[in-house]
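Here's a quick tour of a model you have on screen. Grab your viewer and follow along.

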Amino acid sequence: MYEKMVKIDPSEPTEEEHKMGAVSKPRYMQWREDISSTSTMGFRIEGIKCSDGKSCINFKTSKDKLTIKTIISGFLSNNVHIVKQCLHRLRQLRTTLEVSPFFASHEIIGSSLLFIHDGVKAGVWMIDFGKTTPLKEGISITHNIPWQRGNHEDGYLIGLENLITLLQTILEECIERCDSAIQQQATRKSTNSNLSLSSTLSNGNLSTDQQSLVTIKSNESNPLSTGH
């Protein structure tokens, strides 16, 4: 973990940590979340695999909203229909979680959301429950307030809400671009242009026999801090 930290930021370890050549796991995990969008949005992008087989996991320091929005909109190909499907799925997930007895009685630490699309259809699934911890009998949590020592909260719904808001913004921008393209097409037609509207709006969508996926990770430092 020390080597991983130094590779990203050689100045981050303390003088003592440099001498030891090591950092504790809680220290490393907290630092990793502090340098990512987990600290600002409640989630981070873990990795992306594209339909051409190429993958990328170099998102450790992707932190600001604009950067995250650009990455996600690019993954979704700025495709209105794909964004709508993902947004609908996230809203369904939020509604289900808000009334789930299981969700209220468990800490959901280090879980991920897996996004998959093939350019036509898209889906979102919760995965990675290895660190999910049941609470003691009689204790329940809301998942929508920040973690503090002893409150067992994980902030899962904060990250989910921020993700929904981000996708709503991406959708609005996609629709705006489509409307602009339609207006431009109408103008070209009025001047006897033969450009095809379908090609104007295709935006390089993936073929239906290909799939792309992205994994978005929730907070995973809490269990080390709460003593589970």
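## Ground rules and confidence

This is a predicted model, where local features need pLDDT of at least 70, side-chain atom pairs count only at pLDDT 80 or more, and totals for chains, interfaces and linings use all residues. Residues are numbered from 1 along each chain as its sequence is written, and side-chain values use heavy atoms, leaving out hydrogens and water.

As for pLDDT itself, that's the predictor's confidence in each residue, from 0 to 100. The protein has a mean pLDDT of 79, with 79% of its residues at 70 or more.

## Strand β1 and its arginine

Helices (H or I, at least four residues) and strands (E, at least two) are DSSP runs, numbered from the N terminus. Arg-44 sits in strand β1 (residues 44-49). Is Arg-44 buried or exposed? Arg-44 counts as buried because its relative accessible area is 5%; the cut-offs are under 20% for buried, over 50% for exposed and partly exposed in between, with a 1.4 Å probe and protein chains only.

The side chain of Arg-44 also makes a polar contact with the side chain of Glu-46, at 3.2 Å. That term covers a pair of N or O atoms within 3.5 Å; within protein, one must be able to donate a hydrogen and the other to accept it, and residues adjacent in sequence count only if both atoms are side-chain atoms.

## Helix α5 and what follows

Helix α5 spans residues 65-75, and its buried residues are Ile-68, Lys-69, Ile-71, Ile-72, Ser-73 and Phe-75. An α-helix has 3.6 residues a turn, so residues three or four places apart point the same way.

Most residues other than glycine have a negative phi. Just after α5, though, Ser-77 has a positive phi of about 60°. Asn-78, in the loop between α5 and α6, has a positive phi of about 50° although it is not a glycine; Asn-78 is partly exposed at 27% relative accessibility. Asp-128 has a positive phi too, near 65°. Asp-128 lies in the loop between β5 (122-127) and β6 (133-134) and is partly exposed, at 36%.

## Cysteines

How many disulfides are there? The count is 0, taking a disulfide as a pair of cysteine sulfur atoms within 2.5 Å. Cys-56 is partly exposed, with a relative accessible area of 33%, whereas Cys-86 is buried at 1%.

## One aromatic pair

The structure holds 1 aromatic pair. The rings of Phe-103 and Tyr-156 have centres 5.7 Å apart and planes at 80°, so the pair is edge-to-face. Phe-103 in helix α7 (residues 101-104) and Tyr-156 in helix α8 (residues 156-190) are 53 residues apart, so the pair links distant parts of the chain. Both Phe-103 and Tyr-156 are buried.

For the cut-offs, rings of Phe, Tyr and Trp (its six-membered ring) pair if their centres lie within 6.5 Å; planes under 30 degrees apart count as stacked, over 60 as edge-to-face and the rest as tilted.
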